[in-house]
Amino acid sequence: IFQHFLDLVAMSGSSAMAKAIEEFLRGLLRAASRGKKHFEGSTEDIIVPLEQEGLIRPDSYNRRVLSWLVRRTPLVSRKTTTPVTYIVRLDWLSSPPQECLEHHCLRRV
């Protein structure tokens, strides 16, 4: 999981986005440690509570993180409803999908 997070941060095109991704992932770890199982809703429905609870710092890039992550990790998915609904599955942190584990095993060989 840690290597997956490092890979995600390294894939970012800018240092500001990399910091936002890292901050968001840390916030998810904090939320999971407090017993949160998942987040579901619009960008605002997910980002604002994380900011209000002090799990992530307010940042202009925060609202871009979900759409960026949905294309790069199974941790975040989205429904193509109107409005778009994101799903962040924190159970993934304790039990990552086999596809991710295999990806990292192949990279190390």
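**A helix and its neighbours**

A: H2 and H3 are roughly perpendicular to each other (65 to 115 degrees; under 35 counts as roughly parallel, over 145 as roughly antiparallel, the rest as oblique). The axes of H2 (residues 15–33) and H3 (residues 43–52) cross at roughly 75° and come within 11 Å. Axes are lines fitted to C-alpha atoms, for helices over the stretch in contact, and angles run from 0 to 180 degrees between N-to-C directions. Helices (H or I, at least four residues) and strands (E, at least two) are DSSP runs, numbered from the N terminus.

This is a predicted model, where local features need pLDDT of at least 70 and side-chain atom pairs pLDDT 80 or more, while totals for chains, interfaces and linings use all residues. Residues are numbered from 1 along each chain as its sequence is written, and side-chain values use heavy atoms, leaving out hydrogens and water.

Which residues meet between H2 and H3? H2 brings Phe 24, Gly 27, Leu 28 and Ala 31. H3 brings Ile 46, Ile 47 and Leu 50. Contact means heavy atoms within 4.5 Å. Six of the contact residues are nonpolar, one is polar and none is charged. Here Ala, Val, Leu, Ile, Met, Phe, Trp, Tyr, Cys and Pro count as nonpolar, Asp, Glu, Lys and Arg as charged, and the others, Gly among them, as polar.

Now look at what is buried in H3. The list is Thr 43, Ile 46, Ile 47, Leu 50 and Glu 51. Buried means under 20% relative accessible area, exposed over 50%, partly exposed in between (1.4 Å probe, protein chains only). Seen down the helix axis, these buried residues fall within an arc of 120°, so they line one face of H3. The arc is that of the directions from the helix axis to the C-beta atoms. They pack against H2, S1, H4 and S3.

Next comes the sheet. Three strands form an open, antiparallel sheet in the order S1-S3-S2. Two strands pair if DSSP finds at least two bridges between them. S1 (38–41) and S2 (76–79) stand at the edges with a single partner strand each, so one side of each has no neighbour in the sheet. The twist averages 15° from one strand to the next. Four bridges join S1 to S3 (residues 85–89). Gly 41 stands opposite Tyr 86 in S3. H3 lies across S1 and S3, at about 135° to S1. Just after H3, Gly 54 takes a positive phi of about 75°.
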